[in-house]
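Please open the model in a viewer and keep the selection tool at hand.

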Amino acid sequence: MKHVISVRQFEDKKFIEDIFAEAARLKGLSPSEYPKSLQNKVVATLFYEPSTRTRLSFETATLKLGGQVISTENAGETSSNVKGETLEDTIRTINGYADAIVLRHPALGSAELAARYSAVPIVNAGDGGGDHPTQALLDLFTILECKKDVNDLKIGLVGDLMNGRAIHSLAELLGLYKPEIYCIAPPSLQLPANYLDGFRKNAIDFKQLDTWESVIDELDVIYIPRVQKERFDSLEEYEKFRDSFIVNAEAMKRIKKDAIIMSPLPRVTEIAPEIDNDPRAVYFEQARNGLYVRMALLQALFV
Ligand code: NCD
């Protein structure tokens with residue numbers, strides 16, 4: 001594997017299963033037992049958009065495996081981007097310093113563009129409203145950890161399905177399995193047609209709904225990202241949709257006893273903090289899993 005650009009490159013379930021087996025193994029080790037598989041490697045995290053989990057978990061993953069990190073956490077303002085440098089030139093330059101580049105950028109297709117100019121692996125950590133492949137991997141890992149199998153699960157993707165890149169990559173990755181998918185969103189925030197076509201191509205049973213009333217008590221997984229404020233034309237438009245769906249204590253009474261509530265985080269208003277201590281709320285564990293999945297993925301880049 002050279003670059004990690006989108007989940008579409010993971011046609012082979014075996015590759016994913018190997019990553020997950022290694023992530024589970026790493027999760028079970030104590031820190032002193034971590035392999036030093038990234039020794040003498042430098043990983044650059046080049047982030048043009050805000051991040052907490054993705055950047056810090058990639059950096060922690062690198063450090064725990066004995067590698068080193070160089071980082072621009074606000075590359076849009078503190079890198080030579082401000083002086084007018086193109087992404088291509090920045091990537092060429094960092095190729096002289098780092099052995100892999102983890103890139104988050106607001107432009108759709110930016111990771112693919114970067115890969116064309118990079119001899120070292122590019123890992124897409126989010127390209128605008130496009131893809132977020134490593135998030136989808138840790139999401140799937142968490143579903144498997146909690147539910148053992150994805151096939152036949154009723155999975156509700158809820159809220160802003162139009163703009164959420166985590167949702168997009170997860171929708172594609174689920175195409176490798178046979179869950180029942182419920183796309184629950186206001187009509188104007190529904191999952192874009194190309195992902196629905198993907199479900200059809202993979203013979204995935206899916207439904208589009210604009211309320212969760214008829215299915216909330218049947219879902220095994222409720223995946224609810226925040227409404228993506230930064231992708232809306234106006235604050236007014238964003239606020240119109242922000243609270244379309246809220247998982248709170250009231251909703252939890254109707255949700256199955258063994259369901260799981262997932263989010264790529266950050267959460268804003270769509271998940272009420274009052275449910276955080278409910279064992280079905282797995283989003284912080286999901287974020288923690290990001291570390292182990294990214295450790296496994298970084299190792300795979302360097303074999
Ligand atoms: C997501 C992202 O940046 O796309 N966050 C993350 O990486 N965990 C989701 C989001 O910002 O809502």
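Begin with the lining of the largest pocket in this predicted model: by class, this lining holds seven nonpolar, seven polar and seven charged residues. The lining comprises 21 residues, and those nearest the centre of the pocket are Arg104, Arg165, Arg226, Leu265 and Pro266. The largest contribution is that of H7, with three residues. The volume of the largest pocket is about 420 Å³.

Now colour the two domains separately: domain 1 (7-132 + 290-302) and domain 2 (133-287). Each of them supplies at least three residues to the lining of the largest pocket.

Remain for a moment at Leu265 and Pro266, and display the backbone. The peptide bond from Leu265 to Pro266 is cis, with omega near 5°. Most peptide bonds, by contrast, are trans. Pro266 belongs to the loop between strand S9 (260-262) and helix H11 (283-301).

Proceed to the second largest pocket, which has a volume of about 290 Å³. It is lined by 15 residues, and the ones to select are Arg8, Glu172, Gly198, Lys201 and Asn202, the closest to its centre. The elements that give two or more residues to this lining are H7 and helix H8 (193-201). Of the elements, H8 gives the most, with five residues. By class, the lining of the second largest pocket contains seven nonpolar, four polar and four charged residues.

Why does the second largest pocket lie between domain 1 and domain 2? Both domains give residues to its lining, and the pocket therefore lies between them.

For the last stop, select the loop between helix H6 (133-147) and strand S5 (154-158), where Lys148 is found. Asp152 lies in the loop between H6 and S5 as well. Phi of Lys148 is near 70°, a positive value in a residue other than glycine. Phi of Asp152 is also positive, near 75°, and Asp152 is likewise not a glycine. Most residues other than glycine have a negative phi.

How values were computed: Residues are numbered from 1 along each chain as its sequence is written. This is a predicted model: local features need pLDDT of at least 70, side-chain atom pairs count only at pLDDT 80 or more; totals for chains, interfaces and linings use all residues. Side-chain values use heavy atoms; hydrogens and water are left out. On a 1 Å grid over the protein atoms alone, a cavity is a set of points where a 1.4 Å probe fits but cannot get out, and a pocket is an open set with protein on both sides within 12 Å along at least five of seven lines; lining residues have an atom within 4 Å of a point. Grid points are joined across faces, edges and corners, and a volume is the space filled by probe spheres set on the points. Helices (H or I, at least four residues) and strands (E, at least two) are DSSP runs, numbered from the N terminus. Ala, Val, Leu, Ile, Met, Phe, Trp, Tyr, Cys and Pro count as nonpolar, Asp, Glu, Lys and Arg as charged, and the others, Gly among them, as polar. Domain bounds come from an automatic or database domain assignment.
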